[in-house]
Amino acid sequence: MALVARILMGVTSVLMVAYMVLICSLVMIGNYDEIWELADFPPQDFAPSSIGIALGLFFAVVVVGGLLMTFWQSHLLLKLGRTHLFRALAHRLRLCGVGLTLMWVGLYAFMNLVPLTLSMGRVAPDLMDIEWSPFEIETVFLVLAVVMVALSETLTRAAEIEDENNQFL
């Protein structure tokens, strides 16, 4: 099962990085149709603003970086196996939570802030929607991050208790 999880994490990571490279290469050659598609706009006859492109690439790097960080820490969690190293588990879970939080922040900004900066006053306001629904997948990432950080704090406390018990023995 751990092998299947690692394969899925590897394939997803490669596909996300490849898609990001594809988007960057399309921007460099001047083909902006995919960017308008990502922003949920109909194809436009003007080039998106450079600030919007820069913000989009930044938040895409944040999302992919958070995803890769979460995947790497999950891989290291699987590597720990059945050993009960409370501190190592706590550290890995905390970093998984940070990675998921980065992913949530990046996705939220990418879906709401970037489309506004891409158009910079050229698209009618009725075409621009800023939505926040508490039951979207991005919110699930944030809830999982909070749970992972809380579990890491509990495991850190368990490691402290284990150290206290070992002093008496």
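Predicted model: local features only at pLDDT ≥ 70, side-chain atom pairs only at ≥ 80, totals over all residues.
Residues are numbered from 1 along each chain as its sequence is written, and side-chain values use heavy atoms, with hydrogens and water left out.

The protein has five helices and zero strands, taken as DSSP runs numbered from the N terminus (helices H or I, at least four residues; strands E, at least two). Of its 169 residues, 33% are buried, and that means under 20% relative accessible area, with exposed over 50% and partly exposed in between (1.4 Å probe, protein chains only).

Now the inside. A nonpolar core here is a set of buried Ala, Val, Leu, Ile, Met, Phe, Trp, Tyr and Cys residues joined through side-chain atoms within 4.5 Å. The largest one holds 14 residues, and I35, W36, I53, F59, F110, V114 and L118 touch the most other members. Helices α1 (2-29), α2 (33-38), α3 (50-80) and α4 (86-119) each give at least two residues to this core. There is also a second, separate core of nine residues, with M9, L67, F71 and F141 among them.

Which residues does F59 contact, leaving aside neighbours within four places in sequence? They are G106, A109, F110, L113 and V114, with contact meaning heavy atoms within 4.5 Å.

Last stop, helix α1, where I7 is found. I7 is partly exposed, at 48% relative accessible area.
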